[in-house]
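Here is a short tour for anyone meeting this structure for the first time. Take a look at it, then read on.

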Amino acid sequence: MQFFASLFVGKPLFILVVAAFFLLGYLGLWFSGSRTFRSTRPLLIASIAWGLYAAWEWLVQIKTPEANIRADLLVIWPFLAILSLWALFRAFR
């Protein structure tokens, strides 16, 4: 858990990189023609969710840079983990 905290807490650009990878996966599968919109849509949803998390992290960093106890991450990280695994499973099964 410490590894994820060092990567993502207070670093919205790293979070945007994850969102960009999901978006690139979506676009790659969509334009290859081998997949349908139904099977690639979860990657787009995951990309949007990671982008929203980047915006949230940026907002927290701007408004309360001294925040050292982040209870919001107890909800955000499990949600993103489940959503990301679901998106990868649906896209590449």
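## Getting started

A residue counts as buried when under 20% of its relative accessible area is left, as exposed when over 50% is, and as partly exposed in between, using a 1.4 Å probe and protein chains only. By that rule, 31% of the 93 residues in the protein chain are buried.

Keep in mind that this is a predicted model, where local features need pLDDT of at least 70, side-chain atom pairs count only at pLDDT 80 or more, and totals for chains, interfaces and linings use all residues. Residues are numbered from 1 along each chain as its sequence is written, and side-chain values use heavy atoms, with hydrogens and water left out.

## The overall layout

The protein chain has four helices and zero strands, so its pattern along the sequence reads α-α-α-α. Helices here are DSSP runs (H or I, at least four residues), strands are E runs of at least two, and both are numbered from the N terminus.

The C-alpha trace spans about 45 × 20 × 20 Å along its principal axes. Contact means heavy atoms within 4.5 Å. Take the contacts between residues at least 6 apart in sequence: 69% of them join residues at least 24 apart.

## Inside: the core

A nonpolar core is a set of buried Ala, Val, Leu, Ile, Met, Phe, Trp, Tyr and Cys residues joined through side-chain atoms within 4.5 Å. The largest one here has 20 residues, and the members touching the most others are Phe8, Phe22, Leu43, Trp50 and Tyr53. Two or more residues each come from H2, helix H3 (37-63) and helix H4 (73-92). H4 gives the largest share, seven residues.

Let's zoom in on Phe22. Apart from neighbours within four places in sequence, Phe22 is in contact with Leu43, Ala46, Ser47, Trp50, Ser84, Ala87 and Leu88.

Now for the surface. The protein chain exposes about 6300 Å², and carbon and sulfur atoms supply 76% of that; such areas come from the Shrake-Rupley method with a 1.4 Å probe, and for residues only the protein chains shown count as cover.

Val17, Phe21, Leu23, Leu24, Leu27, Trp30 and Phe31 make a nonpolar surface patch of about 710 Å². Patch residues have over 30% relative accessible area and no salt bridge, with like charges joined within 9 Å and nonpolar side chains (Val, Leu, Ile, Met, Phe, Trp, Tyr) within 5 Å. A salt bridge is a side-chain nitrogen of Lys or Arg within 4 Å of a carboxyl oxygen of Asp or Glu.

Trp30 sits in helix H2 (residues 12-32) and is partly exposed, at 35% relative accessible area. Leu24 also lies in helix H2, and Leu24 counts as exposed because its relative accessibility is 55%.
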